[in-house]
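Dear colleague,

Below is the structure I promised to hand over, with the sequence beside it. Please look it over first, and then read on for what was found in it.

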Amino acid sequence: MEQKKIVYAVFGTGGCGREVMPFTKAYITSRHADLNPADIGLCFVETEPAQDQINGYPCLSEAAFCAMECEAKFYHIAIGNSAARQAVSERLAQFDCRPFSSYAPSAIVYDNNQIGEGAAICDHVMITSNVQIGRFFQANIYSYVTHDCKIGDFVTFAPRVSCNGNVVIEDHAYIGSGAVIRQGTRENPIVIGTGAVVGMGAVVTKSVPPHTTVVGNPAAELKRAPSKPRGTPL
């Protein structure tokens with residue numbers, strides 16, 4: 001990759017990274033309208049890249065990115081697994097680079113919201129008013145978060161998640177595609193616990209304990225059948 005004054009890196013070349021890159025390019029261009037585009041570098045980063053380019057963008061190793069010398073380096077972690085996002089962020093904290101958030105042009109963010117560093121706000125996402133969101137949040141296409149919600153660090157929304165008002169979602173929770181979380185109240189919010197998983201299409205009408213998977217309408221804890229030794233009759 002040629003020497004640049006400013007370099008922006010998208011970590012991850014899976015589906016998430018390749019979907020985030022196009023609107024990241026548009027977002028960065030709008031932020032640096034006063035600079036010569038030739039002075040800004042945009043690349044993918046993998047721990048051990050399998051190829052030199054992805055979708056026309058250079059693909060660097062993590063070590064090569066961290067060793068680059070330029071005026072400023074920024075990174076965005078486009079990895080769906082929240083534990084992996086946290087691990088990458090902790091490694092990069094040791095180097096002279098900073099996380100950046102990326103907002104798609106069609107995303108809508110209203111007033112008095114607090115959104116932590118490293119967020120990915122994808123196309124047609126809406127965040128209304130008085131919402132607090134932690135670090136490295138991922139909101140996939142057509143999702144929304146409405147008033148007075150509080151979302152922790154490393155939370156992931158799959159496409160078309162509906163998060164209604166007065167909901168608390170704790171760190172590392174995963175909300176599946178098309179899930180709906182009923183509105184709580186200020187005195188009694190709906191709480192999705194740390195590390196909980198809300199399955200695809202689930203309708204959540206009450207709080208979900210930490211590290212619990214819920215599915216269905218209304219959402220209920222997923223009960224797994226006990227495993228049987230091999231050769232046991234069904």
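A residue is called buried here when its relative accessible area is under 20%, exposed when that area is over 50%, and partly exposed in between, with a 1.4 Å probe and protein chains only as cover. Helices (H or I, at least four residues) and strands (E, at least two) are DSSP runs, numbered from the N terminus.

Two points of method come before the findings. This is a predicted model, in which local features need pLDDT of at least 70 and side-chain atom pairs count only at pLDDT 80 or more, while totals for chains, interfaces and linings use all residues. Residues are numbered from 1 along each chain as its sequence is written, and side-chain values use heavy atoms, with hydrogens and water left out.

**The chain as a whole**

The chain holds three helices and 25 strands, and its C-alpha atoms fill a box of roughly 60 × 55 × 30 Å along the principal axes. Its radius of gyration, taken over C-alpha atoms, is 20 Å, which agrees with the value near 17 Å that a compact globule of 234 residues would have, the globule rule being 2.2 Å times the number of residues to the power 0.38. Of the 234 residues, 44% are buried. The accessible surface, computed by the Shrake-Rupley method with a 1.4 Å probe, comes to about 12,100 Å², and carbon and sulfur atoms account for 50% of that surface.

Counting a contact as heavy atoms within 4.5 Å, 31% of the contacts between residues at least 6 apart in sequence join residues at least 24 apart. As for charge, Lys and Arg count as positive and Asp and Glu as negative, with His and the chain ends not counted; on that basis there are 19 positive and 21 negative side chains, and the centres of the two sets lie 9 Å apart.

**Strands S1 and S5**

In a regular strand the side chains alternate between the two faces of the sheet. In strand S5 (residues 72-77), Ala-72, Phe-74 and His-76 point one way and Lys-73, Tyr-75 and Ile-77 the other way, and all of them are buried. Strand S1 (residues 6-11) has six of its six residues buried, so it is largely enclosed by the rest of the structure. Both of its faces are covered, with Ile-6, Tyr-8 and Val-10 on one side and Val-7, Ala-9 and Phe-11 on the other.

Two strands are said to pair if DSSP finds at least two bridges between them. S1 and S5 run parallel and are joined by six bridges, with Lys-73 in S5 as the bridge partner of Val-7. S1 also pairs in the parallel sense, over six bridges, with strand S2 (residues 40-46). Tyr-8 therefore has a place in both pairings, since it stands opposite Leu-42 in S2 and opposite Phe-74 in S5, and S1 itself is largely enclosed. S5 in turn is joined by two bridges to strand S6 (residues 98-99), again running parallel, and there the bridge partner of Phe-74 is Arg-98.**Two open sheets**

S9 and S12 (residues 132-133) pair in the parallel sense over two bridges, and the bridge partner of Ile-115 in S12 is Ile-133.

**Two buried residues**

Ala-120 is found in strand S10 (residues 120-121) and is buried, with a relative accessible area of 2%. Not counting residues up to four places away in sequence, Ala-120 touches His-76, Ser-102, Phe-137, Gln-138 and Ala-139. Ala-120 and Gly-15 are 105 residues apart in sequence, and their C-alpha atoms are 14 Å apart in space.

Asn-166 is found in the loop between strand S17 (162-163) and strand S18 (167-169), and with a relative accessible area of 11% Asn-166 is buried as well. Leaving aside neighbours within four places in sequence, the residues in contact with Asn-166 include His-147, Asp-148, Cys-149, Gln-183, Gly-184 and Arg-186.

With best regards

Notes
The place of a charge is taken as NZ of Lys, CZ of Arg, CG of Asp or CD of Glu.
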